[in-house]
Amino acid sequence: MMKKRTYVRFFLLLFLLCTIFYPLMRMVCKINWNDFSKLMSSLSFRKALGNSVLVTCLSTCLSVGIAYLLAYTIHRTNIKHKSFLKIVIPLPMLIPSISHGLGLMTLFGANGIFSRSLGFNIVGFPGVVIGSILYSFPVAFLILSDGFSYMDNTMYEVSKILGFSRWQTFKKVTFCYLKKPILSAIFAVFTLIFTDYGVPLAIGGKFNTLPVYLYKEVMGLLNFSSGTIISLFLLIPAFFSFLFDLLCKDYTTVSQKKYPLSKNKRRDRILTLVTYGILLFVFLILGSFVYYAFIDNIVLHPTFSLTHFSYVFENHLLTYLGNSLWISLLVSIFGTIISYLIAYFTARDGGHKGMHILAISSLAIPGMVLGLSYTVSFHNTYFYNTFLILVIVNIVHFMASAYLMAYNALKKLNSNYEGIAKVCHIGTIHLLKDVLIPNTKKTIREMFSYFFINAMITISAVAFLYNTKTMPLSILITNYEGNLMLAEAAIVSLILFIVNLVMKGIVSFLNRKEG
């Protein structure tokens with residue numbers, strides 16, 4: 001049994017080294033450093049870098065601010081239908097970032113539904129900022145909402161007894177407990193926006209950002225050396241975010257007493273209007289997909305038509321949907337198994353800090369950088385442009401978050417299980433099958449759902465790795481957007497949303513059924 005465990009640990013460590021460490025090292029080794037000075041002297045590169053920093057800083061502040069307001073509304077007010085809102089607010093995560101940009105284009109672009117009557121459009125800097133907020137605020141909301149859930153609410157009673165003002169209470173209690181979640185949200189959102197090319201590609205127009213510049217260098221000019229150097233810049237914020245999550249510990253405790261919500265009808269009415277106003281704007285994006293999908297020509301012939309559906313289905317939509325479903329299922333199955341086993345060894349077996357660091361290191365690698373590293377490392381191998389490489393790159397890309405789900409869940413279980421199993425001569429396989437897995441079923445389902453949904457919508461990680469036979473459905477959005485076929489892109493976005501919504505619904509139903 002010990003030999004089997006050793007073999008499994010060795011295989012998992014080898015997998016991490018071959019799929020994370022090796023591609024990145026190969027990519028760095030392939031850099032032609034003569035291109036570095038050329039790139040630094042390039043006006044277009046410096047402008048793209050400046051644009052990225054400007055958009056990211058502004059969008060991060062607004063995104064985290066909106067997320068905090070929504071999390072506060074859910075946890076600290078008497079607003080109605082909280083359970084419904086907790087489900088609805090993260091829904092924008094079910095479509096690719098490029099779809100948010102396309103939705104804004106259909107509403108407020110040059111020929112948008114509203115912009116034609118209002119006489120303006122938001123293509124460029126305003127559109128990229130708004131799209132980045134739409135794409136990222138649900139992530140910050142989940143982090144901050146979780147932070148509110150783990151606050152020790154008895155401290156508010158202490159602050160009241162001591163006569164603290166509202167500002168003093170916020171500073172000495174709320175901010176102390178939320179400092180780690182707020183910083184985590186800022187790092188996570190900053191990294192997401194800085195490394196995203198979907199939104200600026202869709203609605204940026206001539207406003208280039210660094211990821212778009214990288215995309216054009218590699219896809220348009222096949223300049224892999226310059227693309228690799230640009231990738232190093234994209235790694236910087238992700239690397240600091242990774243270090244923060246690795247080094248910063250959260251010492252909050254779970255509250256045993258329910259937070260006493262104060263009655264304030266004016267506050268509740270205002271925040272209800274703000275919350276539903278934000279959600280209305282979000283769902284206008286999805287509504288625009290439906291509208292565009294069923295209209296013949298939004299400018300010249302705005303009548304009901306199924307022409308766009310016919311075109312999309314006639315051009316192998318079902319084949320690409322099948323590819324995506326196949327890839328996502330394989331990613332979900334093997335990604336969950338690999339992540340869970342790694343989490344078992346690091347959380348329950350002890351002494352595997354190197355494996356733990358490797359497992360969460362993918363947090364520091366943007367999808368586009370990971371995809372480019374695989375292109376540079378494996379483009380002459382037999383499995384380049386195959387389903388296998390698409391499955392592996394997706395597992396690696398999304399493994400860190402799924403691994404942390406399993407790691408945290410396994411850490412919470414009784415630490416004496418292994419000792420009891422050893423005394424009773426119960427093997428590791430039986431311990432996993434009969435004790436650990438049954439006690440972490442909900443987490444495993446969430447891991448499966450997380451892998452599936454993200455594998456369905458990812459574009460950046462697979463943008464350089466597919467061919468016509470293995471192309472995922474999400475890539476069609478980029479292709480249609482490049483040909484200004486917004487209705488067709490809207491249909492694909494709508495299909496991805498529906499598929500992911502069904503998956504999310506199935507997992508939620510199973511979790512509720514189990515109680």
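Guide: Leu-484 sits in the loop linking α22 (474-482) to α23 (486-514), where helices are DSSP runs of H or I, at least four residues long, numbered from the N terminus (strands are E runs of at least two). This is a predicted model, so local features need pLDDT of at least 70 and side-chain atom pairs pLDDT 80 or more, while totals for chains, interfaces and linings take in all residues. Numbering runs from 1 along each chain as its sequence is written, and side-chain values use heavy atoms, leaving out hydrogens and water.

Most residues other than glycine have a negative phi. Leu-484 also counts as exposed because its relative accessible area is 70%; the cut-offs are over 50% for exposed, under 20% for buried and partly exposed in between, with a 1.4 Å probe and protein chains only.

Now hop to His-81, in the loop between α3 (43-76) and α4 (82-88). His-81 is another non-glycine with a positive phi, about 60°, and at 54% relative accessibility it's exposed. Gly-350, which follows α15, has a positive phi too, near 75°.

For the inside, look at the largest nonpolar core, 156 residues, where Ile-342, Tyr-374 and Leu-473 touch the most other members. Helix α18 (residues 387-412) supplies the largest share of this core, 14 residues. A core here means buried Ala, Val, Leu, Ile, Met, Phe, Trp, Tyr and Cys joined through side-chain atoms within 4.5 Å. Beyond four places in sequence, Tyr-374 contacts (heavy atoms within 4.5 Å) residues including Pro-23, Ile-389, Val-393 and Leu-465.
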